[in-house]
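Open the model in your viewer and keep the selection panel at hand. This tour goes from one selection to the next.

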Amino acid sequence: MDKLIVHGGSTLNGSINISGAKNASLPILAASLLTDEDVIIRRVPDVSDTNYMIQILSALGAEVERSSGTVRISAKNISHDAPYELVRKMRASICVMGPLLARLGKARVSLPGGCVIGDRPVDLHIKGLKAIGTQIDMEGGNMDMRAPEGLIGTTVDLSGKHGPTVLGTDNLMMAAVLAKGTTVIESAAAEPEVVDLANFLIGMGAKIEGAGTRRITIHGVEKLHGVEHTIIPDRIEAGTFMVAGAMAAGPEGITLHRVCEADLKPVTEKLLEAGHTVEFNKNGTSVRVAPGENPKGCKITTAPHPGFPTDMQAQFTSLFAVTPGISVIEDTIFPQRFMHCAEMSRMGANIKVDNGRAVIEGGEQLSAAPVMASDLRASAALVLSALTAKGSTEINRLYHIDRGYEHIDEKLLMLGANVERVQS
Ligand SMILES: CC(=O)N[C@H]1[C@@H](OP(=O)(O)OP(=O)(O)OC[C@H]2O[C@@H](n3ccc(=O)[nH]c3=O)[C@H](O)[C@@H]2O)O[C@H](CO)[C@@H](O)[C@@H]1O
Ligand SMILES: C=C(OP(=O)(O)O)C(=O)O
């Protein structure tokens, strides 16, 4: 099991390229099951989650070739049964449900297990798929799905207690593209990754309107064809390195290439509010971030897009832990997603967590301690904290960060951080 040793105190400088988005790649890889023609997807990040998804597609019978960031998929003959051994490793594997149902009229997928970031039910996925004609039986931890009369379009409201569902919207959209008639998703998720999936499906011949808004309309078509597609930049990886720039760069800052300014708006706004420098180039594809001279604490409340992303709150907790003043971070989407705070407290951070809200009294330099990564973004928060901490921090269970950050140690080294990946 790899661990990362971060020797704190280096000044970051220079530039790196941001990878393609993990959270766009996963549903798009699954959507390649919708056609028997060849699909080519570029800029798929080399992270363990995309590798699991590729293994699931192969286990379902697809032929998959991967050459650096390009994945070529040919799903001519596929089965409907996603193997538990692979599905259990990654929650996002549930997004094969929609494509399998649409293509084969049946799907068998294990229920995803618990998750350290909090409750992650699938009731809205089930509600959406049932509404368009799917019968679902639960048996032995599996969801057995059939659409005996075929999938039939209708209007479905997917609003949940914590707002819209991203993968639930993806699943219904992928099922509805081959359904009879028109499906309208009300209270749809509007995240950039949903829009990227819609664009991929449109490239395959699907008829979809309104992706990126709260109402998506899908007119079913008979058949989809092959497509070539390039994945959007990863706004969460970019946001994470932007926070690294604000915390640990020299006065020149660091520059991130291959970003999308529009997708980074909520993160940019909070970094500016906290007193840091954020400057995009003219076409919004590169950004320079430098620490401000008088940084200050802020209040952040996570919200569905275009609000502040829950996937960035842990990283801002690290920033605020070393920023003078009181900051408050509230996560309305995953109120239990504060596992990083206990580990950061071991490094000297002053954070009180109560009822979905962290109150951070910042300003003091943190000090190194052996810490345990608990989930993907919590691990990123620990790496960020370690960059400015006094001493060498040992971050265990690095496999969490390898789920979603492509070659993070190499990118940090390129920016001048002093990090070592060690096998233990
Ligand atoms: C692979 C991927 O893209 N993962 C992202 C996706 O996860 P994912 O799509 O799984 O998250 P959702 O958008 O579905 O979850 C949002 C909220 O809805 C609730 N909910 C969800 C489904 C459901 O059937 N019932 C229900 O109540 C969840 O518990 C949560 O409180 O969006 C999350 C919210 O932006 C991000 O943190 C994840 O990084
Ligand atoms: C929570 C995340 O991913 P997943 O939904 O796959 O767990 C994430 O990317 O931060």
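Select I40 and E228: I40 stands opposite E228 in β13. The model is a predicted one.

Strand β5 covers residues 70-74 and pairs with β3 in the antiparallel sense, over four bridges. Here V39 is the residue opposite I73.

Stay on β3, residues 38-42, and show side chains. Which of them are buried? V39 and I41 are, and they point to one face.

Next, the ligand. Select ligand 1 and its shell of 24 residues; L124, H162, T165, V166 and L167 are the closest. Colour the shell by class: 10 residues are nonpolar, eight polar and six charged. Helices α1 (22-31), α5 (123-131) and α6 (166-176) each supply at least two shell residues. Why does ligand 1 lie between domain 1 (2-19 + 233-423) and domain 2 (22-230)? Both domains give residues to its shell.

Move on to the nonpolar cores. The largest has 72 residues; L33, M97, L101, M173, A175, V177 and L201 have the most contacts inside it. α6 gives the largest share of this core, seven residues. Centre on A175: leaving out residues up to four places away in sequence, A175 touches G98, L101, A102, L129, I132 and L151.

Last stop: a second, separate core of 70 residues, with A238, A274, A349 and I395 among them.

How values were computed
Residues are numbered from 1 along each chain as its sequence is written. Chains are lettered from A and ligands numbered from 1 in the order in which they are written. This is a predicted model: local features need pLDDT of at least 70, side-chain atom pairs count only at pLDDT 80 or more; totals for chains, interfaces and linings use all residues. A residue is near a molecule or strand if its C-beta atom, placed from the backbone, lies within 6 Å of it. Ala, Val, Leu, Ile, Met, Phe, Trp, Tyr, Cys and Pro count as nonpolar, Asp, Glu, Lys and Arg as charged, and the others, Gly among them, as polar. Domain bounds come from an automatic or database domain assignment. A nonpolar core is a set of buried Ala, Val, Leu, Ile, Met, Phe, Trp, Tyr and Cys residues joined through C-beta atoms within 7 Å. A residue is buried if 20 or more other C-beta atoms lie within 10 Å of its own, exposed if 12 or fewer, and partly exposed in between; C-beta atoms are placed from the backbone. Two residues are in contact if their C-beta atoms, placed from the backbone, lie within 7 Å. Two strands pair if DSSP finds at least two bridges between them.
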